[in-house]
Amino acid sequence: GLSKAGNIEPFNGSLKVVVSGKVIAKTDRGFRSLETSHPPSYYIPPDDIKMDALLYNQRVTPANGKKGFVFYFEADNGYITDIAWTYTDPTPTFRKIKNYLSFYASKV
């Protein structure tokens, strides 16, 4: 079959993010990105996230060629660094997840 690595598709199901016992994100409008080297990433629209629970941190890195720059967030007053990331200016393929957040599964 054809590899779908690097593709982004609507995720049919609900996603919930819990930080320190509090639900900070819940959606049934998420997207899933299939990557080659690691598990799928799930992207949640900012409207479905308690954005006041997160802070932009100072870290910005270039993405791996296809999604512009990566901006990172922290939570719990900086206690959990790089908890999530977003693409503010993605390439056209990833335009539909502009400003959506994806959370590191190991941290939430």
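**Group meeting: salt bridges, rings and a pocket**

Okay, let's start with one arginine: R32 is partly exposed, with a relative accessible area of 25%. Partly exposed here is the range between buried, under 20%, and exposed, over 50%, taken with a 1.4 Å probe on protein chains only. Before I go on: this is a predicted model, where local features need pLDDT of at least 70 and side-chain atom pairs count only at pLDDT 80 or more, while totals for chains, interfaces and linings use all residues. Residues are numbered from 1 along each chain as its sequence is written, and side-chain values use heavy atoms, with hydrogens and water left out.

So what does R32 form a salt bridge with? The partner is E9, and the closest N and O atoms are 2.6 Å apart. That joins distant parts of the chain, since R32 is in strand β4 (residues 31–33) and E9 in strand β1 (residues 8–10), 23 residues apart. Strands here are DSSP runs of E, at least two residues, numbered from the N terminus. E9 itself is buried, at 15% relative accessible area.

The salt bridge rule is a side-chain nitrogen of Lys or Arg within 4 Å of a carboxyl oxygen of Asp or Glu, and the count comes to 4. Another one of these is R29 with D48, at 3.0 Å from N to O. This pair also links distant parts: R29 sits in the loop between β3 and β4, and D48 in the loop between β5 and β6, 19 residues apart. R29 is partly exposed, at 43% relative accessibility. Then there's R95 with D89, where the closest N and O atoms are 3.8 Å apart. Here R95 is partly exposed at 40%, whereas D89 is exposed at 51%.

On to the strands. β2 (residues 15–19) and β3 (residues 22–27) pair in the antiparallel sense over 5 bridges; pairing takes at least two DSSP bridges. If you want a landmark, V17 has A25 as its bridge partner in β3. The two strands make a hairpin with 2 residues between them, and S20 in the turn has a positive phi of about 50°.

Now the rings. The whole structure has 7 aromatic pairs, meaning Phe, Tyr or Trp rings (six-membered ring for Trp) with centres within 6.5 Å; planes under 30 degrees apart are stacked, over 60 edge-to-face, the rest tilted. Y56 and F71 are an edge-to-face pair, 6.2 Å centre to centre with 75° between the planes. Y56 is in β6 and F71 in β7, so the pair ties together parts 15 residues apart in sequence. Y56 is partly exposed at 47%, and F71 is partly exposed too, at 23%. Elsewhere, ring pairs link Y43, W85, Y87 and Y104 into a cluster.

Last stop, the largest pocket. Its volume is about 530 Å³. Which residues lie nearest its centre? They are P40, S41, W85, S102 and F103, out of 26 lining residues. By class, the lining has 17 nonpolar, 6 polar and 3 charged residues. Among the strands that each supply at least two lining residues are β2, β6 (54–62) and β8 (80–87). β5 gives the most, with 4.

Terms used:
1 Å grid on protein atoms, 1.4 Å probe; cavity = no way out; pocket = protein on both sides within 12 Å on 5 of 7 lines; lining within 4 Å. Points joined across faces, edges and corners; volume = space filled by probe spheres on them. Nonpolar A, V, L, I, M, F, W, Y, C, P; charged D, E, K, R; others polar.
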